[in-house]
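The structure comes next, and the notes follow by topic.

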Amino acid sequence: MIDGKSFSRWTQAAVYVAAGSNHFINPHFYLPVMPPFLPEPDLLHKLAGAAEIAGGVGLLIPRLEKKAAWGLILLLIVIFPANIYVAIEGGAPMGTSAMVAWLRLPFQILFIAWA
């Protein structure tokens with residue numbers, strides 16, 4: 001029987017591995033959300049994807065679980081400016097509405113708490 005904490009950890013791991021993999025499958029989705037002041041957007045979005053995959057896998061390895069969670073928290077903080085950029089740009093970089101872009105921002109806090 002799986003307990004709530006294990007279910008949450010496995011779910012979170014799956015979400016991060018899927019999201020990280022998507023950076024490599026659909027790079028055209030991520031490149032427009034990179035703020036123009038950042039150098040090497042292609043490299044940065046690939047690093048973010050690799051970090052999501054590594055963090056997701058790390059959550060499933062007991063001796064790495066806490067380090068992986070802290071790594072994911074750091075990643076969520078580091079990518080937050082891109083989310084702000086999308087909101088300021090009215091959601092256009094993601095092809096969404098301004099309201100959706102602004103409503104996404106508080107979810108970063110929830111994802112940090114989840115980690």
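Leu38 is partly exposed, with a relative accessible area of 32%; here buried means under 20%, exposed over 50% and partly exposed in between, using a 1.4 Å probe and protein chains only. Leu38 sits in the loop between H2 and H3, where helices (H or I, at least four residues) and strands (E, at least two) are DSSP runs numbered from the N terminus. The model is predicted, so local features need pLDDT of at least 70 and side-chain atom pairs count only at pLDDT 80 or more, while totals for chains, interfaces and linings use all residues. Residues are numbered from 1 along each chain as its sequence is written, and side-chain values use heavy atoms, with hydrogens and water left out.

- The C-alpha atoms of Leu38 and Ala82 are 9.6 Å apart, although 44 residues separate the two along the chain.

**Largest pocket**
- The largest pocket holds about 780 Å³ of space. A pocket is found on a 1 Å grid over the protein atoms alone, as an open set of points where a 1.4 Å probe fits, with protein on both sides within 12 Å along at least five of seven lines; lining residues have an atom within 4 Å of a point. Grid points are joined across faces, edges and corners, and the volume is the space filled by probe spheres set on the points.
- Its lining has 27 residues, and His23, Tyr30, Glu52, Ile79 and Asn83 lie nearest the centre.
- Two or more lining residues come from each of H1 (4–25), H2 (27–30), H3 (41–58), H4 (65–88) and H5.
- H4 supplies the largest share of this lining, eight residues.
- By class, the lining of the largest pocket has 21 nonpolar, four polar and two charged residues. Ala, Val, Leu, Ile, Met, Phe, Trp, Tyr, Cys and Pro count as nonpolar, Asp, Glu, Lys and Arg as charged, and the others, Gly among them, as polar.

**Second largest pocket**
- The second largest pocket has about 190 Å³ of space.
- Residues lining the second largest pocket include Arg9, Glu65, Trp70 and Trp114.
- H1 and H4 are the elements that give two or more residues to this lining.
- Five nonpolar, two polar and four charged residues make up the lining of the second largest pocket.

**Salt bridges**
- There are two salt bridges, each defined as a side-chain nitrogen of Lys or Arg within 4 Å of a carboxyl oxygen of Asp or Glu.
- Glu65 and Arg9 form a salt bridge at 3.3 Å, N to O. Glu65 is in helix H4 and Arg9 in helix H1, so this pair ties together parts 56 residues apart in sequence.
- Glu65 is partly exposed, at 21% relative accessible area.
- In the salt bridge between Asp42 and Lys46, the closest N and O atoms are 3.0 Å apart. Asp42 and Lys46 are four residues apart in helix H3, and therefore about one helical turn separates them.
- Asp42 is partly exposed at 34% relative accessibility, and Lys46 is partly exposed at 36%.

**Nonpolar surface patch**
- Val15, Phe107, Leu110, Phe111 and Trp114 form a nonpolar surface patch with about 440 Å² of accessible area together. Areas follow the Shrake-Rupley method with a 1.4 Å probe, and for residues only the protein chains shown count as cover.
- Patch residues have over 30% relative accessible area and no salt bridge; nonpolar side chains (Val, Leu, Ile, Met, Phe, Trp, Tyr) are joined within 5 Å, and like charges within 9 Å.
- Helix H5 (residues 98–114) gives the most to the nonpolar patch, four residues.
- Phe107 lies in helix H5 and is partly exposed, at 43% relative accessibility.
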